[in-house]
Amino acid sequence: MRLLLQWTAITPILAWALFFTGLVYDSSIFQIIASVLLIGSVMSAVHHSEVIAHRVGEPYGTIILAVAITVIEVSIIISLMVAGGNEAASLARDTIFSATMLILNGIVGLCLFLGGLKFREQIFTKHSATIALVSLIAIVILTLVFPTFTTSVEGPYYSTPQLIFVSIACLVIYSFFLLAQTRRHREYFLAEDGADNAHAIVVSGKKMIVSLVFLLLSLGIVVLLAKTLSPTIEKIVIGYNLPKTLVGVIIAAVILLPEGIAAINAARKNKLQTSLNLALGSALASIGLTIPCVSIVSTLYNMNIILGLDIKSMILLGLSVFTVMLSLASGRTNIVYGAVLLVNLAAFIFLIIHP
């Protein structure tokens with residue numbers, strides 16, 4: 001009972017209660033309250049993910065958080081696709097692209113920058129970064145670049161056979177990445193000394209189950225409140241004569257807050273390996289799980305989904321991936337790598353505002 005009376009349990013419950021009342025749609029005061037509860041739910045999700053990580057050890061803890069957020073994100077994308085029909089044809093692509101750019105440049109960049117600022121230099125297992133980046137590059141090219149250049153269907157689309165092949169390819173690549181991360185090469189994804197520091201704090205099975213439940217509750221309400229508040233965000237963005245596409249980036253940033261905060265906290269504790277496991281694993285899960293699910297829905301509802309990026313977006317994506325590859329090539333980081341990635345993020349947002 002004491003576990004249920006902590007703020008990490010009370011906050012998401014209050015957020016769910018407010019959401020079901022429907023008051024958040026009618027009053028600016030309740031929208032402000034919802035925003036506060038949303039941030040509180042993000043912090044609650046971070047807390048519960050850390051509890052689970054202490055219980056199951058790394059890299060399983062980071063995998064649970066990454067997959068949980070991705071599954072909820074996928075469910076929201078699919079619901080919006082079904083509701084929006086052909087008008088939501090580019091929704092999956094825009095969401096995946098925004099999330100990938102925010103993860104590679106924002107989360108990784110902040111981890112490297114803040115870690116370098118505090119510790120000057122941090123070390124990690126470069127083999128883990130290589131495995132993750134090889135997998136990520138293959139999935140990114142197959143899902144976001146090739147559709148622009150294929151000729152079976154005119155436009156940035158895949159034909160049905162191509163979509164099936166790419167979906168299977170994403171699942172195969174992500175499955176083998178998880179196999180390497182959890183079994184065959186698990187030591188690559190642990191601390192440099194090979195110790196599993198996550199077991200330093202003993203967590204009971206009961207507490208882990210409670211944390212798992214509240215992690216899912218927290219993540220679910222974060223996504224739902226972010227979507228609920230999106231019309232208000234859209235009004236503010238349009239009120240300042242900013243492009244509407246910026247709303248999607250803001251929503252993606254809110255959804256990624258739990259992962260981002262958890263990764264940054266780890267970097268500030270000199271656990272950069274955990275930060276990279278979270279960030280790169282999240283990017284892989286975001287694409288590797290979203291594309292197959294979206295493909296199934298588009299086939300069932302006979303919808304065309306736009307996957308191919310334009311040339312400008314491809315260049316920004318290529319710059320981001322290339323910069324991260326070079327930054328993580330040596331197994332050591334410093335503040336310069338983080339600063340460059342954050343500049344890439346600023347360029348991404350600036351070019352949305354001033355295309």
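**Asn241 lies in the loop between H8 and H9.** This is a predicted model, in which local features need pLDDT of at least 70 and side-chain atom pairs count only at pLDDT 80 or more, while totals for chains, interfaces and linings use all residues. Residues are numbered from 1 along each chain as its sequence is written, and side-chain values use heavy atoms, with hydrogens and water left out. Helices (H or I, at least four residues) and strands (E, at least two) are DSSP runs numbered from the N terminus. Phi of Asn241 is positive, about 60 degrees, although Asn241 is not a glycine. Asn241 counts as exposed because its relative accessibility is 72%; exposed means over 50%, buried under 20% and partly exposed in between (1.4 Å probe, protein chains only).

**Arg120 is a further loop residue, placed between H4 and strand S1 (122-123).** Arg120 also has a positive phi in a residue other than glycine, here near 70 degrees. Its relative accessible area is 71%, so Arg120 is exposed.

**Ile236 is a residue of helix H8.** With 49% relative accessibility, Ile236 counts as partly exposed. Val247 is 11 residues from Ile236 along the chain, and the two C-alpha atoms are separated by 9.5 Å.

**The largest pocket holds about 1000 Å³ of space.** Its lining comprises 35 residues, and those nearest its centre are Leu91, Asp94, Lys244, Thr245 and Gly248. Helices H3 (60-84), H4 (91-119), H8 (230-239), H9 (245-255), H12 (311-327) and H13 (335-353) each give two or more residues to this lining. By class, the lining of the largest pocket has 17 nonpolar, 9 polar and 9 charged residues. Ala, Val, Leu, Ile, Met, Phe, Trp, Tyr, Cys and Pro count as nonpolar, Asp, Glu, Lys and Arg as charged, and the others, Gly among them, as polar. On a 1 Å grid over the protein atoms alone, a pocket is an open set of points with protein on both sides within 12 Å along at least five of seven lines, a cavity is a set where a 1.4 Å probe fits but cannot get out, and lining residues have an atom within 4 Å of a point. Points are joined across faces, edges and corners, and a volume is the space filled by probe spheres set on them.

**The largest cavity has a volume of about 50 Å³.** The whole structure contains 3 cavities of 30 Å³ or more. Residues lining the largest cavity include Ser128, Ala132, Phe177, Gln181, Asn277 and Gly281. At least two residues of this lining come from each of H5 (126-145), H6 (160-184) and H11 (272-300); H11 gives the most, with 5 residues. The lining of the largest cavity divides into 6 nonpolar and 5 polar residues, with no charged residues.

**The second largest cavity has a volume of about 40 Å³.** Thr62, Ile63, Ala66, Val67, Tyr174 and Leu178 are among its lining residues, as are Phe177, Gln181, Asn277 and Gly281. H3, H6 and H11 each supply at least two residues here. The lining of the second largest cavity consists of 6 nonpolar, 4 polar and no charged residues.

**The largest nonpolar core has 105 residues, with Leu136, Leu219, Leu317, Leu328 and Phe348 having the most contacts inside it.** H11 gives the most to this core, with 13 residues. A nonpolar core is a set of buried Ala, Val, Leu, Ile, Met, Phe, Trp, Tyr and Cys residues joined through side-chain atoms within 4.5 Å. Not counting residues up to four places away in sequence, Leu136 touches Leu104, Ala283, Leu284 and Ile287; contact means heavy atoms within 4.5 Å.

**Ser275 belongs to helix H11.** Ser275 counts as buried because its relative accessibility is 1%. Apart from neighbours within four places in sequence, Ser275 is in contact with Cys111, Ala263, Ala266 and Ala267.

**Thr11 lies in helix H1 (residues 7-21).** A relative accessibility of 13% makes Thr11 buried. The Thr11 side chain reaches the backbone oxygen of Trp7 at 2.8 Å, a polar contact being a pair of N or O atoms within 3.5 Å in which, within protein, one must be able to donate a hydrogen and the other to accept it, and residues adjacent in sequence count only if both atoms are side-chain atoms. Neighbours within four places in sequence aside, Thr11 is in contact with Leu37, Gly40 and Ser41.

**Leu257 lies in helix H10 (residues 257-268).** Leu257 has a relative accessible area of 29% and is therefore partly exposed. Leaving out residues up to four places away in sequence, Leu257 touches Ile39 and Val42. Phe119 is 138 residues from Leu257 in sequence and 24 Å away in space, C-alpha to C-alpha.
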